[in-house]
Amino acid sequence: MNNFREVNDDILKEWILFREDELSSITCDEDKKHWVYFDEISEKILRNVPKKNKKYVQKQLEILDDNFLDYLGYWNEKYYRNGFVDGSQLVMGCFEE
């Protein structure tokens, strides 16, 4: 039997990727209010950086963006996966004697 708490390429991983795609689209005003406007913020920062430092700062902002997305992916998977397993165990516990 699979241990769904372990991160693997399984049906739960496919569901998490589906949800990630779904959640990454802004669908309502509430989503817009809580969105991370990284590109807009980066542009504002870069407009105020001296030309000689612009490439360096731009590269660091790109690294920060990639790191932040990796961070979100990790935590989303960890907590979606564990929440799913916890919920499943609660339901299965109702049917045990």
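In the predicted model, V36 is partly exposed, with a relative accessible area of 45%. V36 sits in the loop that links α2 (29–34) to α3 (38–47).

Helix α4 spans residues 54–94 and includes G73. G73 is partly exposed, because its relative accessibility of 24% is not under the 20% cut-off for burial. The C-alpha atoms of G73 and N48 lie 31 Å apart in space. In sequence, G73 and N48 are separated by 25 residues.

Helix α3 has two contrasting sides. Its buried residues are F38, S42 and L46. They are on the same side of α3, because they cover an arc of only 65° around the axis. An α-helix has 3.6 residues a turn, so residues three or four places apart point the same way. The buried residues of α3 pack against α4. On the other side of α3, K44 and R47 are exposed.

The structure holds 1 salt bridge in total. E30 and K33 are separated by about one helical turn, because they are 3 residues apart in α2. E30 is partly exposed, at 41% relative accessibility. K33 is exposed, with a relative accessible area of 59%.

The overall fold of the protein chain comprises 4 helices and 0 strands. Along the sequence, the pattern is α-α-α-α. The radius of gyration of the protein chain is 19 Å, whereas a compact globule of 97 residues would have a value near 13 Å. Along the principal axes, the C-alpha atoms fill a box of roughly 70 × 30 × 15 Å. Of the 97 residues, 12% count as buried. The accessible surface of the protein chain comes to about 8,400 Å². Carbon and sulfur atoms account for 56% of that surface. Contacts between residues at least 6 apart in sequence were also examined. Among these contacts, 57% join residues at least 24 apart.

How values were computed: Residues are numbered from 1 along each chain as its sequence is written. This is a predicted model: local features need pLDDT of at least 70, side-chain atom pairs count only at pLDDT 80 or more; totals for chains, interfaces and linings use all residues. Side-chain values use heavy atoms; hydrogens and water are left out. Buried means under 20% relative accessible area, exposed over 50%, partly exposed in between (1.4 Å probe, protein chains only). A salt bridge is a side-chain nitrogen of Lys or Arg within 4 Å of a carboxyl oxygen of Asp or Glu. The arc is that of the directions from the helix axis to the C-beta atoms. Contact means heavy atoms within 4.5 Å. The radius of gyration is taken over C-alpha atoms; the globule rule is 2.2 Å times the number of residues to the power 0.38. Accessible areas come from the Shrake-Rupley method with a 1.4 Å probe; for residues, only the protein chains shown count as cover.
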